[in-house]
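I opened this model to look up a few local features and to write down what I found.

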Amino acid sequence: MRIPRSRATVLASLLLAATALSGVNPSTASATPEPAAVAVTVNARAGLATVPDTALGVNHAIWDQNLGTTETSDLLRDAGVRMMRYPGGSYADIYHWKDHTAPGGYVAPNTDFDTFMAAVRRVGAQPMIIANYGTGTPAEAADWVRYANVTKGYGARYWTVGNENYGNGHYGSAWEADDHPDKSASQYARLVVEYADAMKAVDPSIKVGAVLTMPGNWPDGITAGSDPGPWNQTVLSIAGPKIDFVDVHWYPGGTAAESLARVNHLPDATYLLRQQLGRYAGANSDRIGISFTELNVDAGRTTQPAALFLADVYSGLLESGVFTVQWWNVHNGLGTVTQVAGQTDYGDFGMLSSGSCNEDGSVCEPPLNTPFAPYHALSMMKLFARTGDQFVRAGTDEPLVTAHAVRRGNGDLAVLLVNKDPDNDHPVTIDYAGFTPSTVAPTVSTLTNGATGIATSQSGSATSRTLPAYSLTTIVLRQAGTSAGRPSAPGQPTASGVTDRAATITWPAATPGGSPIAKYEVYRQNGAVSEQLGETTATSLTVGNLVPGSRYTVNVLARDTAGRVSWSSPPLTFATGSPTASACTVRFTTANDWGNGYIGGVEITNNGTKPISGWTLTWTWPTGWQQVSSGWSATWEQVGTAVRVTPTDDNRQIAVGASVSAGFVGAYSGPNVLPTAFSLNGIVCATG
């Protein structure tokens with residue numbers, strides 16, 4: 001939750017380089033050349049997640065007296081809001097719904113639960129309700145479910161147990177109310193079970209969520225007290241069988257450029273969350289969804305950086321399968337006023353102005369409910385990604401320009417382009433795979449820096465455009481020809497028999513269209529390019545020649561006897577490991593994690609028939625923000641993401657059956673995805 005509180009996060013950098021002319025008389029210098037066109041690739045056959053009906057969300061708070069007004073609700077409806085969270089971040093852990101009080105906090109008039117639900121219905125959204133964990137009880141939460149769904153018939157489906165409960169002092173920092181004597185992650189998890197049991201006894205159809213931390217952000221990785229592991233591991237190990245979703249918040253912090261750069265953490269963060277669910281949450285963990293219910297930036301909250309961040313983050317999370325993304329928040333209040341990219345930024349976490357002033361009245365926000373830039377970005381998301389659309393892979397060759405795309409049920413394609421460069425327009429050329437645009441001019445919607453709304457026209461071509469500096473652009477294209485007669489998309493693939501170099505992919509059959517299905521084709525997503533792994537007439541394929549310790553995202557397409565190709569199946573992501581038997585074994589360990597670093601170790605065992613005299617151990621970090629800071633008992637080198645470890649004079653020899661060890665200090669400034677494949681003198685080792 002953010003009111004005016006801020007938390008530091010681990011650091012990452014985006015450097016905006018400027019080149020200056022030197023040794024040239026300014027009066028005779030030639031004009032700066034136009035920047036080279038950014039290459040954008042949109043691959044309609046590389047399918048990602050489908051947009052759910054809960055995708056676009058916001059937070060409402062009980063200190064906001066405009067929570068239930070018609071004007072506020074209509075603005076949220078117009079922006080496409082489909083889920084609304086209540087009663088407001090950390091206030092949830094002091095809020096008692098029956099008497100509408102929050103001891104220690106301010107409760108505005110006309111913000112009770114029934115008023116909130118009336119607003120939800122006017123917007124056409126679904127509620128997400130936070131049950132009071134900090135100062136409440138399972139019985140109080142169950143009574144709320146009864147009132148909402150039995151007495152009033154609201155059909156409130158999503159209920160989270162608490163807010164940022166890891167902020168209760170268990171890890172040293174305390175902002176979240178928690179009256180329980182035991183503030184451990186273990187106790188939170190045990191009580192989540194009690195809450196879930198009590199609430200579902202009233203209405204078995206509801207979904208109950210537990211609070212997790214964002215991978216790569218404090219206190220991720222830290223073990224406190226007597227807990228068996230870090231917060232996420234502990235909560236999932238105990239409460240996993242009882243919950244239906246997990247709830248995560250993310251405030252990346254830093255400058256505007258740094259926040260916008262950290263969006264590239266999201267694929268690995270959601271991957272790690274799903275790894276944790278699979279490892280700790282028990283059987284059928286695939287049923288557990290992921291929600292991101294608080295997002296905002298530290299710099300440019302009411303101006304264009306927040307708008308660019310919102311569109312980029314909502315798109316990135318939704319294409320990764322998150323079922324709702326929610327901005328913090330609707331109204332909040334005046335903060336520190338600054339100038340950002342030529343615009344006045346009011347430091348307000350709200351996407352609509354509260355019309356507030358500072359204490360002496362010398363600085364005031366615009367009139368109440370004036371939309372700030374993030375509101376316009378949310379409106380852009382409504383134009384871009386609609387319920388039922390399937391995200392498809394898109395990419396660029398320029399870090400300051402990002403791309404997202406969706407395929408619609410009628411065959412249209414929408415492309416969202418984000419220019420994060422505050423100073424320069426960027427021309428782009430767009431290449432399409434698996435989609436042929438018609439010659440009709442596309443519908444183009446643009447949000448520029450400082451604009452008070454989105455400009456829409458039908459203009460230009462499908463393949464080239466110039467993106468204004470600091471802008472959002474959505475292009476909606478009609479397809480050439482027709483989709484009639486093509487087979488349906490194959491169903492959700494699954495992986496089995498995954499080894500270090502092979503996996504068997506199986507999928508539900510597609511439904512034929514105008515002609516019988518001739519074969520299925522299996523493709524790997526390699527960035528925004530699809531690489532065919534094989535084809536078959538069956539609904540299962542074993543693919544080989546995979547790389548140990550690598551992550552693969554694959555799709556299946558059906559091709560009929562007339563050559564028509566289906567849309568993409570949903571994506572499947574799996575990871576290869578290491579061989580089960582090898583001439584060497586490597587045991588990689590981590591200990592004493594402090595949130596952005598840890599003590600690491602490698603133990604190498606000689607499983608061969610001859611002694612090893614001299615060795616080189618290598619591995620590749622899965623991300624660009626992981627590194628070896630220092631090491632001992634070996635010589636440690638890192639170039640890019642590649643790590644090379646060589647022995648000292650003391651441990652050059654490894655006898656048959658013997659082991660040697662070395663240690664290092666590992667550092668990370670984003671989700672810490674650990675390596676799973678290691679090579680010794682060029683041989684891929686087993687892992688222990």
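**Ground rules.** I am working with a predicted model, in which local features need pLDDT of at least 70 and side-chain atom pairs count only at pLDDT 80 or more, while totals for chains, interfaces and linings use all residues. Residues are numbered from 1 along each chain as its sequence is written, and side-chain values use heavy atoms, with hydrogens and water left out.

**Helix pair.** I began with helix 1 (residues 70–78) and helix 2 (residues 113–123), which pack at an angle of about 40° with their axes 8 Å apart. The axes are lines fitted to C-alpha atoms, for helices over the stretch in contact, and the angles run from 0 to 180 degrees between N-to-C directions. Helix 1 and helix 2 are therefore oblique to each other; under 35 degrees counts as roughly parallel, over 145 as roughly antiparallel, 65 to 115 as roughly perpendicular and the rest as oblique. The crossing of the two helices is right-handed, a term used when the near helix is turned clockwise from the far one by less than a right angle. I noted T70, S73, D74, L76 and R77 on helix 1, and A119, R122 and V123 on helix 2, as the residues that make the contact, meaning heavy atoms within 4.5 Å.

Next I checked the loop between strand 3 (83–86) and helix 2, where P87 lies. The peptide bond from Y86 to P87 is cis, with omega near 15°. H100 lies in the loop between strand 3 and helix 2 as well, and its phi is near 55°, a positive value in a residue other than glycine.

N329 sits in the loop between strand 9 (324–327) and strand 10 (338–340).

**Disulfides.** How many disulfides does a search of the whole structure find? I recorded two, taking a disulfide as a pair of cysteine sulfur atoms within 2.5 Å. C357 and C364 form a disulfide with their sulfur atoms 1.9 Å apart, and with 105° about the S-S bond this link is right-handed.

I then turned to an open sheet of three strands in the order 20-21-24, with antiparallel pairing; two strands pair if DSSP finds at least two bridges between them. Strand 20 (494–496) and strand 24 (540–543) are the edge strands, each pairing on one side only. Strand 20 is joined to strand 21 (residues 503–506) by three bridges, and S496 stands opposite T504 in strand 21.

My last stop was an open antiparallel sheet of five strands, in the order 32-33-30-36-37. Strand 32 (635–639) and strand 37 (683–684) stand at the edges with a single partner strand each, so one side of each is left without a neighbour in the sheet. Five bridges join strand 32 to strand 33 (residues 642–646), and Q638 stands opposite V643 in strand 33. In the loop between strand 31 (626–632) and strand 32 I found S633, whose phi is near 60°, again a positive value in a residue other than glycine.

Definitions and conventions: Helix = DSSP H or I, 4+ residues; strand = E, 2+ residues; numbered from the N terminus.
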